[in-house]
Amino acid sequence: MQSHYLENFERDMGCTEAEWLGWLSAALGDHAWQRDGARVEVRIGPGSLRIAWQSAPPRMLGSVRIPRLLAGFSFTGLDERQRYTFMKRFDLYMQRGGG
């Protein structure tokens, strides 16, 4: 989790598109959203968020292959506090891995 979130940023996610889609609904919570291919539009109070993603070549660590998904986040009409509040929950739902 970050201390602040810009209006536009990108993430390199360690997951497949199928995994991402399985987690996405819970991560978006009660916000109304609509999917169009590899993109979602999310209504957040007075503003919105567009998330677009694409698969990327896996990351190789020795003989281990880690899937990758590149995701771009673009907020409109939300201040820093509103972006932080949304992303804090989103990040907790998308967090994977150990300790």
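Analyst: A term to start: two strands pair if DSSP finds at least two bridges between them. Helices (H or I, at least four residues) and strands (E, at least two) are DSSP runs, numbered from the N terminus. This is a predicted model, where local features need pLDDT of at least 70, side-chain atom pairs count only at pLDDT 80 or more, and totals for chains, interfaces and linings use all residues. Residues are numbered from 1 along each chain as its sequence is written, and side-chain values use heavy atoms, with hydrogens and water left out.

User: OK. How many residues sit between β4 and β5 in their hairpin?

Analyst: Two. Gly 62 is in that turn, with a positive phi of about 65°. The pairing of β4 and β5 is antiparallel and runs over twelve bridges. Arg 59 has Ile 66 of β5 as its bridge partner.

User: And β3 with β4, parallel or antiparallel?

Analyst: Antiparallel, over six bridges. Ile 44 faces Gly 47 of β4. Two residues separate the strands in this hairpin, and Gly 45 has a positive phi near 50° there.

User: Switching to α1. What span should the helix have, and what does it have?

Analyst: α1 covers residues 17-28, twelve residues. The expected span is 1.5 Å times one less than the number of residues. That gives 16 Å, and the end C-alpha atoms are 16 Å apart, so the two agree.

User: Which residues of α1 are buried?

Analyst: Trp 20, Leu 24, Ala 27 and Leu 28. Buried means under 20% relative accessible area, exposed over 50%, partly exposed in between (1.4 Å probe, protein chains only). Down the axis of α1, the buried residues fall within an arc of 80°, so they line one face. The arc is that of the directions from the helix axis to the C-beta atoms.

User: Last one. Where is Arg 68, and what does its side chain meet?

Analyst: Arg 68 is in β5, residues 64-76. Its side chain makes a polar contact of 3.0 Å with the side chain of Asp 12. A polar contact is a pair of N or O atoms within 3.5 Å; within protein, one must be able to donate a hydrogen and the other to accept it, and residues adjacent in sequence count only if both atoms are side-chain atoms. A polar atom of the Arg 68 side chain also lies 3.0 Å from the backbone oxygen of Pro 57.
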